[in-house]
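Biologist: I would like to learn how to read a model like this one, feature by feature. Could you walk me through it?

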Protein chains: 2
Amino acid sequence: MGNLLRGAAVIGQSGGPTAVINQSLAGYVEEATRHSGIITRVLGMLHGVQGMLEEKLVDLAAESRDTLEGVARTPAAALGSVRKKPSAAECHRLVELFRRHDIRYFFYIGGNDSAETAQLVESLTRESGHEMRCFHVPKTIDNDLRVTDHCPGYGSAARFVAHAFQGDDRDNRSLPGVKINVVMGRHAGWLAAAGTLGRRSEEDGPHLVYLPERVFEPAAFLADVAEVNRRLGRCLVAVSEGIHDAADTPFLQVYAERTGSALAGQKDSHGNVQLSGTGALGDALASLVTAELAIRRVRSDTFGYLQRSFPADVSPVDAREAREVGRAAVRAAVSGEHASGSIAIRRVAGPAYGAETFVTPLDTVARVTRSMPDEYLAGANGVAPAFRDYALPLAGGIEPMVDLQRVPATAAVKA
Amino acid sequence: MGNLLRGAAVIGQSGGPTAVINQSLAGYVEEATRHSGIITRVLGMLHGVQGMLEEKLVDLAAESRDTLEGVARTPAAALGSVRKKPSAAECHRLVELFRRHDIRYFFYIGGNDSAETAQLVESLTRESGHEMRCFHVPKTIDNDLRVTDHCPGYGSAARFVAHAFQGDDRDNRSLPGVKINVVMGRHAGWLAAAGTLGRRSEEDGPHLVYLPERVFEPAAFLADVAEVNRRLGRCLVAVSEGIHDAADTPFLQVYAERTGSALAGQKDSHGNVQLSGTGALGDALASLVTAELAIRRVRSDTFGYLQRSFPADVSPVDAREAREVGRAAVRAAVSGEHASGSIAIRRVAGPAYGAETFVTPLDTVARVTRSMPDEYLAGANGVAPAFRDYALPLAGGIEPMVDLQRVPATAAVKA
């Protein structure tokens, strides 16, 4: 360790996009070009390891400063993304290509699957005797990586979701009814919980929050909705796409089987029921409320891909940290203090929010994900104040909505 | 006309919310309180004429300046909204209440239905001999009012939709496939067309735009998608919720009947197929593409209520104009130059965008709506450059996305 390793660096982007994933890319280029005596070429692979396998490599040092800054504020993977775990044959080819291109630094921006790919590359190259430093750069709107306090990409998605709920809550107050909003998050409720960040009181929605950390009971859901609607004359609901029954079967699948709905074309490539890129879950929940409760106006919206790629509502804190994890990965790799690792974030104690990066071993982050801890949850349908303290700074703060005082008019005074 | 009419003023908000509808409310209060010698009380009715009928009146002069400014940047009707046409009995009661509360000024913020209500109130009070001035204050994300160049509320919704498509286009480029986004607009395509405002080239999506101004032919749609997907390896589609066949039947209804889909709970209170607050149309189009074309990744999103109530991406031009139409209505009413009317906007000639308000008779705006003119359309699936010139200033300008140059890496130079 600590030795100087000279050669090319390559970076890839993997998995679902975020609004700030290119900040990490810009941070990588920024830092890597500062070490030109060590990093001989600053490369990028198109569509992750798929592009590496096809030798689709681009020279990121050739990009102008202006372009990189523009790309940094442009959502979704600028190099293209991929969802792919290389096969054994592909692994051999990867090592061969790293040798051929004299690549000594491998950076992979993504979630826990991407950390696993980085780990795979690390063990492959170590076994083959081609010395390489392999780093995972965290990114996910789901906020479900282990070790790190939070994930770059989450703050901006949380900000979008919080704002969307603020506006929709005013909309629902204006034209009352039951409104169900489906938020991304197959295994963890971090993003749906962020729907509460703009609330000021019990009267503000979302009034009910259903997350994958709890078993979803349709009967309890209906009773909850009926109760809130009786009390407030309306009800705004936040639902994670990953809500499931006690056997961990997605609610949508249970519902489809029970009602005999076709859900045509709504299976993903693994045969699982498709949860993103369709309005089926929201529509199923709305149908359930309409069928079981005597409520006239029931609507649903599915926030969909907007929450991970909206360019005009990025959290400044999130953008800054996403840039920083890209830089930190290069610094850690060049320093030689670690042969591999994942960049993580921890909070710095103090009155105001502050954070710093550190390196955690790849195997602490790869594969397994992290759900919301119990102290962030309240009962079966709510979020605790501790969650708000945790998430609000990441979203960059949410300005409160303002209502009229609605002072009743005094009796008419005839002129 | 021109005579001084002393008495209370009342304002109501009606129809679907917008992000800037409360700017018009704030403009009304601002201007009305400046005429305290004429306007004796500055009132608001809760939930439009419904609140008037129930004498739910609030004193808007009692609101602080800070509250009003906060309310102005808060989306959706702060007074509450309603979709209601008063019955004959209710009309009599309205006149009685106007007399009792000495109300001489009636303002109604809304779309063409609200203009009709203002017209009804005007004719009722004229016939009954209770002199009143009745003004319609325009608001609609649909941009479908006659006479006016554009409607307050549209610019902000257009801005949101343009940004959403910019981000989703990067998302789709990053993980290629067919993506269909459904945008509000039952009768007119103004808002879906705004999805194109962030495009820089033919390569940028949306690549196909389907609007209610044209007959929607499923076979042509499938051929279009296949062609774009062949050419670019992906396809981003913008669809107005109001797409329909040659007999003006909504596509979703045609599709449901053809496929035998239940569309359970998806009829509105008039028995029409429900288009907003459900993902059914997007899912139907995605199912069609999946079934008919050999494309692996097909997704849909329905922008839903987010596009009309998102608080964090308001067009500054739109906010300013929404404030101004509220002020202008009061000025016009107090001046006595018009006994009634609707506030409209026209452009002022010059190198930069500029606009001014004027008064148009209520009957020129009530009931009928305005579709996009032919010169804003291109073929059956596109938008003409003239539309961009028209809409871009209203959205407050859209900053372009930035892509990497993607300079191919030169051959490896072994160290």
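Predicted model: local features only at pLDDT ≥ 70, side-chain atom pairs only at ≥ 80, totals over all residues.

Biologist: Is Asn112(A) buried or exposed, and how do I tell?

Modeller: Count the C-beta atoms around the residue; 20 or more within 10 Å make it buried. Asn112(A) has 22 other C-beta atoms within 10 Å, so it is buried.

Biologist: Which residues is Asn112(A) in contact with, leaving aside its neighbours within four places in sequence?

Modeller: Its contacts are Leu145(A) and a run made of Val365(A), Ala366(A), Arg367(A), Val368(A) and Thr369(A). Take Thr369(A): 257 residues separate it from Asn112(A) in sequence, yet their C-alpha atoms are 6.9 Å apart in space.

Biologist: Arg367(A) is in that list. What is its phi?

Modeller: Here is the general idea: most residues other than glycine have a negative phi, and most peptide bonds are trans. Arg367(A) is not a glycine, but its phi is positive, about 70°. You will find Arg367(A) in the loop between strand 11 (355-360) and strand 12 (377-378) of chain A. With 11 other C-beta atoms within 10 Å, Arg367(A) is exposed.

Biologist: And what about Asp248(B), what is its phi?

Modeller: Asp248(B) is not a glycine either, and its phi is positive at about 75°. Its place is the loop between strand 8 (235-240) and helix 9 (251-259) of chain B. Asp248(B) has 10 other C-beta atoms within 10 Å and is therefore exposed.

Biologist: Where is there a cis peptide bond in chain A?

Modeller: Look at Gly205(A) and Pro206(A), which are joined by a cis peptide bond with omega of about 5°. Pro206(A) sits in the loop between helix 7 (190-193) and strand 7 (208-210) of chain A. In chain B, a cis peptide bond with omega of about 5° joins Gly205(B) and Pro206(B).

Biologist: Let me try one more residue, Phe221(A). Is it buried or exposed?

Modeller: Phe221(A) counts as buried, because it has 23 C-beta neighbours inside 10 Å. It lies in helix 8 (residues 218-232) of chain A. Beyond residues up to four places away in sequence, Phe221(A) touches Tyr210(A) and Phe216(A).

Biologist: Now for helices. How should I describe the way helix 1 and helix 3 of chain A pack?

Modeller: Two packed helices are described by the angle between their axes and the distance between the axes. For helix 1 (residues 21-33) and helix 3 of chain A, the angle is about 150° and the axes are 7 Å apart. Angles over 145 degrees count as roughly antiparallel, so that is how helix 1 and helix 3 of chain A run relative to each other.

Biologist: Which residues meet there?

Modeller: From helix 1 of chain A come Asn22(A), Gln23(A), Leu25(A), Ala26(A) and Val29(A), and they meet Leu68(A), Glu69(A), Val71(A) and Ala72(A) of helix 3 of chain A. By class, this contact has six nonpolar, two polar and one charged residues.

Biologist: Stepping back, how many helices and strands does chain A have?

Modeller: Chain A has 13 helices and 13 strands. Its radius of gyration is 24 Å, close to the 22 Å that the globule rule gives for 415 residues, so chain A is as compact as a globular protein of that length. Buried residues account for 59% of the 415 residues.

How values were computed
Residues numbered from 1 in each chain as written. Chains lettered and ligands numbered in written order. Helix = DSSP H or I, 4+ residues; strand = E, 2+ residues; numbered from the N terminus. Rg over C-alpha atoms; globule rule 2.2 N^0.38 Å. Buried ≥ 20, exposed ≤ 12 C-beta atoms within 10 Å, placed from the backbone. Contact = placed C-beta atoms within 7 Å. Axes fitted to C-alpha atoms, helices over the stretch in contact; angles between N-to-C directions. Parallel < 35°, antiparallel > 145°, perpendicular 65-115°, else oblique. Nonpolar A, V, L, I, M, F, W, Y, C, P; charged D, E, K, R; others polar.
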